[in-house]
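I opened this entry to note what I looked up in one protein model. My notes follow the structure.

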Amino acid sequence: MADSDSSTPAPPLNTSNPTPLSSKKENIVPIGSKIAELTESRAELLTRIQGLKQDLQSWRSKLDTQVKTYRDELSDLKKSLNVEVDQLKSEFQDLRTTLQQQQEDVTASLKNLGLYDLSQDTKETANSAEIEKNSDKVHPSTSEDHSSKEVQPAVSE
């Protein structure tokens, strides 16, 4: 087989066939223009990416500013609300104190006139404590409530 391989003539080199060489040169020109197009396209994409990055940074900055503004507003509203709640608590405490003072004044006046019965005072205190206890319950229809209702008419007579 070695003899048969050596007997076949070798194909001619590129010098004998000029068409492949000229087609390579023709292919080089379009490749060069493609490379130039890709380079230009790459530059455009990088410019667009930079623009998008700047837009994103600007958006973040604006968002941070808005969030800070809203936080400050919420903080101010919270402080204002807390002040108003404290004022209401103080006013209710003043009302409670005033009502207690008026009740004590009325009780003292009744005692001075001799119309006030000390046993009635203890019954009223017990009744008011019972009413407060019953108002705290979820189900007011317990047996204790019925028994307290039976006692109350006897007290009012």
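**Confidence and layout**

I began with confidence: the protein chain averages a pLDDT of 75, and 55% of the residues score at least 70. Here pLDDT is the predictor's confidence in each residue, from 0 to 100. I took contact to mean heavy atoms within 4.5 Å. Over residues 138-157 the pLDDT is also below 50, but that stretch has 12 contacts beyond near neighbours in sequence.

I noted the ground rules next. This is a predicted model, where local features need pLDDT of at least 70 and side-chain atom pairs count only at pLDDT 80 or more, while totals for chains, interfaces and linings use all residues. Residues are numbered from 1 along each chain as its sequence is written, and side-chain values use heavy atoms, with hydrogens and water left out.

I then listed the elements. The protein chain has 4 helices and 0 strands. Both are DSSP runs numbered from the N terminus: helices are H or I with at least four residues, strands E with at least two.

**Surface**

I looked up the accessible surface of the protein chain: about 14400 Å², of which 58% belongs to carbon and sulfur atoms. The areas come from the Shrake-Rupley method with a 1.4 Å probe; for residues, only the protein chains shown count as cover. Buried residues make up 4% of the 157 residues. Buried means under 20% relative accessible area, exposed over 50%, partly exposed in between (1.4 Å probe, protein chains only).

I found a nonpolar surface patch of about 360 Å², made by Leu-56, Trp-59, Leu-63 and Val-67. Patch residues have over 30% relative accessible area and no salt bridge; nonpolar side chains (Val, Leu, Ile, Met, Phe, Trp, Tyr) are joined within 5 Å, like charges within 9 Å. Leu-56 is in helix α2 and is partly exposed, at 40%.

**Pairs in helix α2**

How many salt bridges are there? I count 1, taking a side-chain nitrogen of Lys or Arg within 4 Å of a carboxyl oxygen of Asp or Glu. Lys-68 pairs with Asp-72, their closest N and O atoms being 3.2 Å apart. Both lie in helix α2 (residues 19-113), 4 residues apart, about one turn of the helix. Lys-68 is exposed at 53%; Asp-72 is partly exposed at 38%.

Last, I checked Thr-107, also in helix α2. Thr-107 is buried, at 19% relative accessibility. A polar atom of its side chain lies 2.8 Å from the backbone oxygen of Gln-103.

Methods: Polar contact = N/O pair within 3.5 Å; in protein donor to acceptor, adjacent residues only side chain to side chain.
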